[in-house]
Amino acid sequence: MLHPGASRPEASRGRRYAEAPAPTRNEFQRDRDRIVHSTAFRRLVYKTQVFLNHEGDLFRTRMTHSLEVAQIGRSIARSVGLHEDLVEAIALAHDLGHTPFGHAGQDALNECLLDARPDGNGFEHNLQSLRVVDKLEERYPAFDGLNLSFETREGILKHCSRRNAERLVAAEPGGVGQRFLDRTQPSLEAQLCNLADEIAYNAHDIDDGVRSGLLTLQQLREVELFASLERETITQFPDLAGRRLLFEVIRRMLSQQIYDVIDHIGIALADAAPRSADEVRGLPPLVAFSESMRRRTLELKRFLRHNLYRHAQVIDTTGRAKQVIRELFPAYLANPAEWPGRQAAHGANPRRVADYIAGMTDRFALREHQRLTGRTLFAPMP
Ligand code: MG
C-alpha cells in the first residue's frame, strides 16, 4: 500500500560499493540490520540527550530516544503509505554521530577542532553520523563504514552547511550533499524522521524533566498543548494525579501530534500528488504539522528551552561536561600513545582525536578524563 511518492528499495540509487542483493531482505531492511549491529549503535545506550547517563537509570538515552523516533516514524509511515523500513533505518541511525554529553559535548568538540585548525572544519553531529556509517565503522572486509544505501544516508544527513555540502559533493558528485546546494528536499521518509525526532524529544523531555524535579506540573500548565490535554484528561478521570496523570497527558500529546501529522501529510500528498520519490525531492516539504499544531509545538519547545535546557542545574552539568571534552582533546593530541592502536599508528591529528572522543560514551569520557588529568569533575558514578 505504498504511496507513489514513497521510496522503494528496488528503485534505490544504490550503495557506494556495489553489492549483490540479499536473498530475504530488501535494501532498507539490510541497512537497518547493519545499523543495529554497529558498534556506534550499541554505544547509544550510554550517551545522553539532556541528562547525563549516570544521573539516573530511567532517563532517556540516545538509544531509547532512537527507538522512540523509530516507533513514531513507523506508525505514521504505515498510515500514510511511506516505506516503514527506510523510516526505521534512518531513525535508528540519526543520532549515531552524537558526542558524549549531548549538545554540550558537540559544542566543546567543535570549539576544540576550530582552535586546533582555525581554517578547518569544526564538528557537526549530522555530518558525524554520516561519517560513522560511511567511514568509521570497521566491520566489512571490502570497505570502510557500513556501505548503506543512498536513501538511508540522505536521511541521516539532516542538515549541512553550504561549505560542508561542497566538500561532500567534491568527494561524491551528485551524492547526499547535493541537495543542500540545489536547495531540494530529501525523501518523504527522511522528512518524516525529522518530525518524528521532534515529536519524540518534546514528549520525553517533559517526562524526564518532571522525573528529575527540574520541571513541575504547575509550570507545564503554561503550555497550551499540555494544559488543554490535562483538562481533557481530568474531565474524564477526575481523581487522576501525579505520574499517571503526567503519563496520560504525554500519551495524548503524542497521539494528537501523530494524528495531526498523518492528516497533514494526507492533504499535502493529495494536493501535490507526486508520482515518484524523485518528484518529491523537487517539491516543497510535504511532511509537516498543521499550522495550529506547529504553533502549539513551538510554544512547547520555547518552554522547554527556557525552563529545562537553560535550567541552572542543566547549565552547571553541561558546563562541566564541556570542560571534560576541552581537557581530553589536548591530552590526546599531545599524547597519541594514550589512545588505542589503529588511530595512534596514524598519528594524532585533530580530526582523528575528534572522531575518537565523539565515539565515547558519557561514562568512558569521564573515566578517561579522570585517568588523564587526575581530577574528578563529577561525583563518582553510582
Ligand atoms: Mg534525535
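With a relative accessibility of 0%, Ser129 counts as buried (under 20% relative accessible area; exposed is over 50% and partly exposed lies in between, with a 1.4 Å probe and protein chains only). The model is a predicted one, in which local features need pLDDT of at least 70 and side-chain atom pairs count only at pLDDT 80 or more, while totals for chains, interfaces and linings use all residues. Residues are numbered from 1 along each chain as its sequence is written, and side-chain values use heavy atoms, with hydrogens and water left out.

Ser129 sits in helix 6 (residues 125-136); helices here are DSSP runs of H or I with at least four residues, numbered from the N terminus. Setting aside neighbours within four places in sequence, Ser129 is in contact with Ala93, His94, Asp95, Leu96, Gly97 and Ile156, contact meaning heavy atoms within 4.5 Å.

His94 turns up again at the metal. The magnesium ion is coordinated by NE2 of His65, NE2 of His94 and OD of Asp197, at 2.1 to 2.4 Å. Donors are N, O and S atoms within 2.8 Å of the metal (3.2 Å for Na, K and Ca), and since water is not among the atoms, sites may look incomplete. Along the sequence, the donor residues follow the spacing H-x28-H-x102-D. The histidine pair links distant parts of the chain: His65 belongs to helix 3 (residues 62-80), whereas His94 lies in the loop between helix 4 (84-93) and helix 5 (102-116), 29 residues apart. Both His65 and His94 are buried.

Helix 3 also packs against helix 13. Their axes come within 10 Å and cross at roughly 40 degrees, where axes are lines fitted to C-alpha atoms over the stretch in contact and angles run from 0 to 180 degrees between N-to-C directions. From helix 3, the contact takes in Ile72, Ile76, Ser79 and Val80; helix 13 brings Leu254, Ile258, Val261, Ile262, Ile265 and Leu269. By class, that makes 9 nonpolar residues, 1 polar and no charged (Ala, Val, Leu, Ile, Met, Phe, Trp, Tyr, Cys and Pro count as nonpolar, Asp, Glu, Lys and Arg as charged, and the others, Gly among them, as polar).

Helix 13 (residues 242-272) has another partner in helix 15 (residues 291-309), with axes that come within 11 Å and cross at roughly 140 degrees. Met253, Gln256, Gln257 and Asp260 of helix 13 meet Met293, Arg296, Thr297 and Leu300 of helix 15. This contact has 3 nonpolar, 3 polar and 2 charged residues.

Conventions
Helices (H or I, at least four residues) and strands (E, at least two) are DSSP runs, numbered from the N terminus.
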